Amino acid sequence: MKLQVAMDLLTVEDALELAGKVAEYVDIIELGTPLIKAAGLSAVTAVKAAHPDKIVFADMKTMDAGELEADIAFKAGADLVTILGAADDSTIAGAVKAAKAHNKGIVVDLIGVADKVTRAREVRALGAKFVEMHAGLDEQAKPGYDLTGLLRSGEEARVPFSVAGGVNLSTIEAVQRAGADVAVAGGAIYGAADPALAAKNLRDAIR
Ligand SMILES: O=C([C@H](O)CO)[C@H](O)[C@H](O)COP(=O)(O)O
């Protein structure tokens, strides 16, 4: 299982500083949606230039104009770009077309999708590299939230998947047991007093 750091920060400087601290422990470096909205795609270019050996993930969360938005993110240096699972099939197909043109990949984010299992299979058939079983920051803040539903959806879907939604040291083993290809950790790393140690501990928990 790969480890992905999600950088939900707001400036390129902060993102480069965090990436510099944790890169040796992670496989994938994600530029979070708030970061891309605040700093633009130049943030993707800067992180890829600093870490050319890492998979750079642009969390675009595109809902329309799939081919166009994926194309500009790939041109900026992204290796993986997210499209929302709630988008029309044509949006996902357009983004997959752009990914093929750049020899890169599309990840379909199933945030907000009620039937994640069915949609995961549909978008995989459309050419998604993998799907993201995702509960966003707002959903995580609701009382009683836990990762169980995401893990069950991943197990049932039987397509390559990542899990994002408050993954931390106490849950990463369950994420791996569920068969996830990628564990995504945002707050558990960037919110830690020592992000490098937090990333190392997560890496060490992956067997
Ligand atoms: O994608 C995310 C969210 O929508 C804000 O951009 C997060 O990066 C993702 O949820 C992982 O972060 P944590 O939940 O803090 O681990």
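User: How many salt bridges does the structure hold?
Analyst: There are 11 salt bridges. Keep in mind that this is a predicted model.

User: What makes lysine 61 and aspartate 59 a salt bridge?
Analyst: Their side chains come together with N and O 2.7 Å apart. The cut-off is within 4 Å, for a nitrogen of Lys or Arg and a carboxyl oxygen of Asp or Glu. A lysine and an aspartate at 2.7 Å pass that test, so the pair counts.

User: Why is aspartate 59 called buried?
Analyst: Aspartate 59 has 3% relative accessibility.

User: What makes lysine 97 and glutamate 67 a salt bridge?
Analyst: Here the N to O distance is 3.6 Å. That still falls within 4 Å, so this pair makes the list too. Lysine 97 belongs to helix α5 and glutamate 67 to helix α4, so the pair ties together parts that are 30 residues apart in sequence.

User: Why is lysine 97 called exposed?
Analyst: Its relative accessibility is 53%. Glutamate 67, at 36%, is partly exposed.

User: How do you know that aspartate 89 and arginine 119 link distant parts of the chain?
Analyst: First, they do form a salt bridge, with the closest N and O atoms 2.8 Å apart. Aspartate 89 is in helix α5 and arginine 119 is in helix α6, 30 residues apart. As for accessibility, aspartate 89 has 38%, so we say partly exposed. Arginine 119 has 10%, which is under the 20% limit, so we say buried.

User: Which residues are linked in a network of salt bridges?
Analyst: Lys48, Asp79 and Lys104 are linked that way.

User: Helix α5 keeps coming up. How do you know what span to expect for it?
Analyst: Helix α5 runs over residues 89-102, which is 14 residues. The expected span takes 1.5 Å times one less than the number of residues. For α5 that gives 20 Å, and the helix reaches 20 Å from its first C-alpha to its last, close to what is expected.

User: What covers the buried residues of α5?
Analyst: The buried ones are Thr91, Ile92, Gly94, Ala95, Val96, Ala98 and Ala99. Their cover includes α4, β4, β5 and α6. After the helix comes asparagine 103, with a positive phi near 60 degrees.

User: Which residues of α4 are buried?
Analyst: In α4 they are Gly66, Ala70, Asp71, Ala73, Phe74 and Ala76. What covers them includes α3, β3, β4, α5 and β5. Glycine 77 follows α4, and its phi is positive, near 120 degrees.

User: On to the strands. What do they close into?
Analyst: The 8 strands close into a barrel, in the order β1-β2-β3-β4-β5-β6-β7-β8, with parallel pairing. The twist from one strand to the next averages 25 degrees.

User: What makes β3 and β4 a pair?
Analyst: They share 3 bridges, in the parallel sense. A pair needs at least two bridges, so β3 and β4 qualify. Alanine 58 stands opposite valine 81 in β4.

User: How many bridges join β5 to β6?
Analyst: Again, 3 bridges join them, and they run parallel. Valine 107 has phenylalanine 130 in β6 as its bridge partner.

User: Why is β6 described as largely enclosed?
Analyst: 5 of the 5 residues of β6 are buried, so the rest of the structure largely encloses this strand. Both faces are covered: Phe130, Glu132 and His134 are buried on one side, and Val131 and Met133 on the other.

User: Why is phenylalanine 161 called buried?
Analyst: Its relative accessible area is 3%, and buried means under 20%, so the name holds. Phenylalanine 161 is found in strand β7. Beyond its neighbours within four places in sequence, its contacts include Phe130, Val131 and Met133.

Methods: Residues are numbered from 1 along each chain as its sequence is written. This is a predicted model: local features need pLDDT of at least 70, side-chain atom pairs count only at pLDDT 80 or more; totals for chains, interfaces and linings use all residues. Side-chain values use heavy atoms; hydrogens and water are left out. Helices (H or I, at least four residues) and strands (E, at least two) are DSSP runs, numbered from the N terminus. Axes are lines fitted to C-alpha atoms, for helices over the stretch in contact, and angles run from 0 to 180 degrees between N-to-C directions. Buried means under 20% relative accessible area, exposed over 50%, partly exposed in between (1.4 Å probe, protein chains only). Contact means heavy atoms within 4.5 Å.
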